[in-house]
Amino acid sequence: MRILLIDNDISGLKLLKKYVAYFYKDCEIIGFSDSKNAYDFIESGEYPIDICYTTVMMPCVTGFQIANRLKKINKNTDVVFLSVSPEYALDAWKYSVADYLLKPVTYEKIEHAVASCVPRFVAV
């Protein structure tokens, strides 16, 4: 399984990677702090993404654009949005997201998001 993490806050990205790695053992985890680089990675189509955790509002490319592109490539990709504000939550559901988490990310919040993705994937 391949998991993509996108957060323009580098310290937030490191923490997210730590929590995600705890729940998803033996998975490939790829992180980007630059949304444009992440979008280009997705566009390449070389690496199918099973789950994506992405910040909603970022410079260059938004989480909504990321989710839209992922869903066009594979409608079964699970997307979990991360945001400091609940204001984008209603828009997020238009993308059939697995979850919408408010920052700061915590162990408990990631555990909840993992449960949203478990029907298709086995998490440890």
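Analyst: Welcome! A helix here is a DSSP run of H or I with at least four residues, a strand is a DSSP run of E with at least two, and both are numbered from the N terminus. The model is predicted, so local features need pLDDT of at least 70 and side-chain atom pairs count only at pLDDT 80 or more, while totals for chains, interfaces and linings use all residues. Residues are numbered from 1 along each chain as its sequence is written, and side-chain values use heavy atoms, with hydrogens and water left out.

User: Let me try a loop. Where does Asp-26 lie?

Analyst: Asp-26 sits in the loop between α1 (10-23) and β2. Its phi is positive, about 55°, although Asp-26 is not a glycine.

User: Is Asp-26 buried or exposed?

Analyst: Buried means under 20% relative accessible area, exposed means over 50%, and partly exposed is in between (1.4 Å probe, protein chains only). With a relative accessible area of 83%, Asp-26 is exposed. Cys-60 also has a positive phi, near 75°, and is not a glycine. Cys-60 is found in the loop between β3 and α3 and is exposed, at 67%.

User: Which peptide bond is cis?

Analyst: The one from Lys-103 to Pro-104 is cis, with omega near 5°. Pro-104 belongs to the loop between β5 (99-102) and α5 (107-117).

User: Now the strands. How do I read the two sides of one, and which way do the residues of β3 point?

Analyst: In a regular strand, side chains alternate between the two faces of the sheet. In β3, Ile-51, Tyr-53 and Thr-55 point one way and Cys-52 and Thr-54 the other, and all are buried.

User: In which sense do β1 and β3 pair?

Analyst: Two strands count as paired if DSSP finds at least two bridges between them. Strand β1 (residues 2-6) pairs with β3 in the parallel sense over 4 bridges, and Ile-3 stands opposite Ile-51. On to β4 (residues 78-83): β3 pairs with this strand in the parallel sense too, over 5 bridges, with Thr-55 opposite Leu-82. Between β3 and β4 the chain crosses through helix α3 (residues 63-73), and this β-α-β crossover is right-handed. That term applies if, with the strands pointing away from the viewer, the path from the first strand over the helix to the second runs clockwise.

User: Which residues of α3 are buried?

Analyst: They are Gly-63, Phe-64, Ile-66, Ala-67, Leu-70 and Lys-71. Seen down the axis of α3, these buried residues fall within an arc of 155°, so they line one face of the helix. The arc is taken from the directions from the helix axis to the C-beta atoms. Elements that cover this face include β1, α2 (35-44), β3, β4 and α4 (89-92), where a contact means heavy atoms within 4.5 Å.

User: How many residues are in the largest nonpolar core?

Analyst: In soluble globular proteins, nonpolar side chains tend to be buried together. A nonpolar core is a set of buried Ala, Val, Leu, Ile, Met, Phe, Trp, Tyr and Cys residues joined through side-chain atoms within 4.5 Å. The largest one here has 22 residues, and those with the most contacts inside it are Leu-4, Ile-6, Cys-52, Ile-66, Leu-70 and Phe-81. Two or more residues come from each of β1, β2 (28-32), α2, α3, β4 and α4, and α3 gives the most, with 4. A second, separate core of 20 residues includes Leu-16, Ile-29, Ile-51 and Cys-117.

User: What does Cys-52 touch?

Analyst: Leaving out residues up to four places away in sequence, Cys-52 touches Leu-4, Ile-6, Ile-66, Leu-70, Asp-78, Val-79 and Val-80. Counted likewise, Ile-30 touches Arg-2, Ile-3, Leu-4, Leu-5 and Phe-41. Ile-30 lies in β2 and is buried, at 14%.

User: Last one: how many disulfides are there?

Analyst: A disulfide is a pair of cysteine sulfur atoms within 2.5 Å, and the count is 0. The sulfur of Cys-52 has its closest cysteine sulfur in Cys-117, 10 Å away, which is too far for a bond. Cys-52 is buried, with a relative accessible area of 0%, and Cys-117 is buried at 2%.
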